[in-house]
Structures are given as structure tokens and as C-alpha cells.
Amino acid sequence: MPKHTMRAVRLHEHGGPEVLRYDEVPIPQPGPGEVLVRVHAAGINPPDWYLRDGMSNLPPDVRPKFSLPVIPGTDLSGVVEAVAADVEGFSIGNEVFGLLRFPSFDGSTYAEYVAAPASDLALKPAGLDHVHAAGAPMAGLTAWQFLIELGHDHPSPFQAAQHRPVPLDANTTVLINGAAGGVGHFALQLAKWKGARVIAVASGAHEWFLRDLGADEFIDYTKSRPEDVVHDIDLVLDAVGGPDSKRLLRTLKRGGSQFPVFFGEFDEEETLRLGVTVTGTQVRSNGAQLADLGRLLDAGTVRVAIDSTFALADARAAHERAARGHIQGKIVLTVA
Ligand SMILES: NC(=O)c1ccc[n+]([C@@H]2O[C@H](COP(=O)([O-])OP(=O)(O)OC[C@H]3O[C@@H](n4cnc5c(N)ncnc54)[C@H](OP(=O)(O)O)[C@@H]3O)[C@@H](O)[C@H]2O)c1
């Protein structure tokens, strides 16, 4: 008899990790332009816990609205089980990975099956297992869209200025703050791929991890503040962001740029006086860019570091791990 239900983690209310419930729900049907994916692994990302706690960290005017219950999650790696009649380029049995429907927050990947827009998917790099592939989509595409190619014209909900990556080469020095986390470790590797010199900022436990990924210099932010020890930087990618981000402007040379990945607070008069630009963007699903990143992953040019894995039923423990901070790479839920 065909299966009609699946296990999925759902939110019935907003709150701490304890509100993640392991439920039995109907298997979704793929709509036009979609494929049904049997999920093997689901990567977790900060927006998952922002959604869980009701987006309290966002200003009320940019807070998306949700109806509950909702299945969280945006990132997956899995196998195509069914394909809508209008979908080309994917067939049953294909191994795929993707960042689904972001920034709509209805990716619903904490589940055994997901109806996924085909345009959000790419073929999984053959050399990666599902856990590593599931760690790549959101964090990898964020680093890609900030540093390599934006790929869309949607304005950021947090900043009017249009984001544009800046050229990176052997003459460029890039400082990456929050370098050990999901976005930071991909950004470091993409900047190295482009030939740039990279200064990685993180807590001391990550030094050898980051040097192994290619960091030329390392700053332990618990011992010294980057703005006190480095200057004349071309580009700061700040994967920590927030109100404290503007202190990093002091590391930039005139003509330099700062990319806050989490929105920060900047004073236009100060940036004009320093002769620097500050732009950001919000990552968007993009299967074609993921295929480009997938080629670098397959070649081993870019690696996915796994902080930890948890079974889907233990999503609560995965969110508790995230809340303790100091993440090195990605936290991934194992599903199939
Ligand atoms: N704009 C977008 O579309 C977009 C997309 C994805 C993510 N984001 C945002 O970007 C941020 C990073 O996301 P993520 O997935 O990379 O998060 P993550 O995996 O949790 O990584 C955060 C990293 O920051 C480090 N960190 C914490 N405080 C620090 C400090 N004061 N100085 C330097 N490093 C510090 C942490 O380790 P240590 O403290 O041990 O060094 C950790 O490795 C989040 O705020 C997320 O919401 C934005």
C-alpha cells in the first residue's frame, strides 16, 4: 500500500527549542514546477531559529508573518521520487540539494519528504554525501551572492543600497568576521579561490580549522579587536553583523567595502567621511548558482565542515546545540 503520511518536525507555537514537535503529517504533492524529494539530510541555519522564536530579532516592520503549524527548514539533500509533468532537467532517482523558497520561509525541509521547486535545486555533487551536501545551500549561496555574483535584483529588506560584489584577486585583502560559522567558512574559501589574501576572525578554538581552510592570518577576537590590529583592508565580510558591525569600518582603506551579512547600523556621514561603502543583501534560492558552487565542492576547492549531526527526531537537540554558539561549519539533521 502506498505511504500517505511521513514524519516531520513542526512548530505549533513560537518559543525555545522545546516547541519543535515530531509529528505525523501528510506527504506533500508536488505542484507545477516542483519535484517530490525524499529527504536524506536537512541543514539547519539561523533563519530556522528566528522562525521558531517568532522573529523577535527583526524590526517589527520587516518581520514576515506566518500561520502555524509550520515545518521549518530551508536546506536539503535527497533523492527525487516524483516529478511534475512540466519539470525538465530532473528525473526520478536524481540526487539533489537545494535552498528552498527562500526568503519565503516555507522550505519545510525538516521532514521525510518535501515538494521542492525544481528551480531551487541542483544535482548533488557526486563526491559529497547527503550530510555534507545538506550543509551547503543557504550558507554557501549567501557567501556566493555576497562575494561572487548576486544573481538577482531584489532589494534587501534591511538596506536600500543595491549590493554588488567587488572584484577579488591576489591584490585584495579580505577580512572575514565570524569566519568559522556556516557563511564565514564558505566566504573564506571563495575568497581564497579568487586568489585574495584572507584574515579570519573567530574565537581561538577555530584557529587551526581556519588555517587549514586557507586563512593567511587569524585574529582571536577574545584576545584582540580586529580594528586595533589591522588596517588598509579592501573588503570586510562581517558574518556576525548587528549594531557592533560599524567598528570594523576602521579596518578599511579608503575605497574599501564592508558587507554585513546580518543587518547592522551604519551612519552615512561616517561612511562618507571614511570613503567606504557598506552594502548587504538577503540570500535567495538559486539552483543555477548552487550547481556552480557544486562544481567547486566536487573538485574539493571548497569543503563543507560539519559541526555536528542530529536525527530528525532530535531537532530540539540540534537547536540547543546552535544556541550554545561557537559553531564550526554546519549543523545537519539526518533524515533517511
Ligand atoms: N543576509 C542573508 O541573507 C543571510 C544569510 C545567511 C545568514 N545570515 C546571517 O549571518 C549570520 C551568520 O550566519 P551563519 O549561518 O554563518 O551562523 P553560524 O553558523 O551560527 O556562525 C556564526 C559564527 O560566528 C562566530 N562568532 C560569534 N560571535 C563572534 C564575534 N563577536 N566575533 C567573531 N565571530 C563570532 C561563531 O563562532 P566563534 O564565536 O567561536 O568564533 C560562529 O562560528 C547570522 O546572523 C545569520 O542570520 C544572513
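How do the residues of the lining of the largest cavity divide into nonpolar, polar and charged? They come out as five nonpolar, three polar and two charged. Here nonpolar takes in Ala, Val, Leu, Ile, Met, Phe, Trp, Tyr, Cys and Pro, charged takes in Asp, Glu, Lys and Arg, and the others, Gly among them, are polar.

## What you're looking at

This is a predicted model, where local features need pLDDT of at least 70 and side-chain atom pairs count only at pLDDT 80 or more, while totals for chains, interfaces and linings use all residues. Residues are numbered from 1 along each chain as its sequence is written, and side-chain values use heavy atoms, with hydrogens and water left out.

On pLDDT, the predictor's confidence in each residue on a scale from 0 to 100, the chain averages 96, and 100% of the residues score at least 70. Helices (H or I, at least four residues) and strands (E, at least two) are DSSP runs, numbered from the N terminus.

## The annotated stretch

An unreviewed UniProt entry puts "domain: Enoyl reductase (ER)" on residues 15-333. UniProt positions follow the numbering used here, feature names are shortened, and an annotation like this may be inferred rather than shown by experiment. In the model, residues 15-333 are 23% helix and 26% strand, with the end C-alpha atoms 20 Å apart.

## Cavity and pocket

Back to that cavity: a search of the whole structure turns up one of 30 Å³ or more. The largest cavity holds about 50 Å³ of space, and its lining includes P47, D48, L51, F105 and D106. On a 1 Å grid over the protein atoms alone, a cavity is a set of points where a 1.4 Å probe fits but cannot get out; a pocket is an open set with protein on both sides within 12 Å along at least five of seven lines; and lining residues have an atom within 4 Å of a point. Grid points are joined across faces, edges and corners, and a volume is the space filled by probe spheres set on the points.

The second largest pocket has a volume of about 160 Å³. Its lining splits into eight nonpolar, one polar and two charged residues, with M6, R101 and Y113 among them. Strand β6 (residues 113-117) supplies the largest share of that lining, three residues.

## Salt bridges

Side chains of opposite charge can pair when their charged atoms come close. Counting a salt bridge as a side-chain nitrogen of Lys or Arg within 4 Å of a carboxyl oxygen of Asp or Glu, the model has 18. D216 pairs with K192, with the closest N and O atoms 2.8 Å apart. This one links distant parts of the chain, 24 residues apart: D216 sits in the loop between α5 (207-212) and β10 (217-220), and K192 in helix α4 (residues 182-193). D216 is partly exposed at 36% relative accessible area, where buried means under 20%, exposed over 50% and partly exposed in between (1.4 Å probe, protein chains only).

D307 and R321 also meet in a salt bridge, 2.9 Å from N to O. D307 is in strand β14 (residues 306-311) and R321 in helix α9 (residues 315-323), so the pair ties together parts 14 residues apart in sequence. R321 is buried at 12%, whereas D307 is partly exposed at 23%. R295 and D292 pair at 2.6 Å, both in helix α8 (residues 287-299) and three residues apart, about one turn of the helix. Finally, R225, E227, D244 and R247 are linked in a salt-bridge network.
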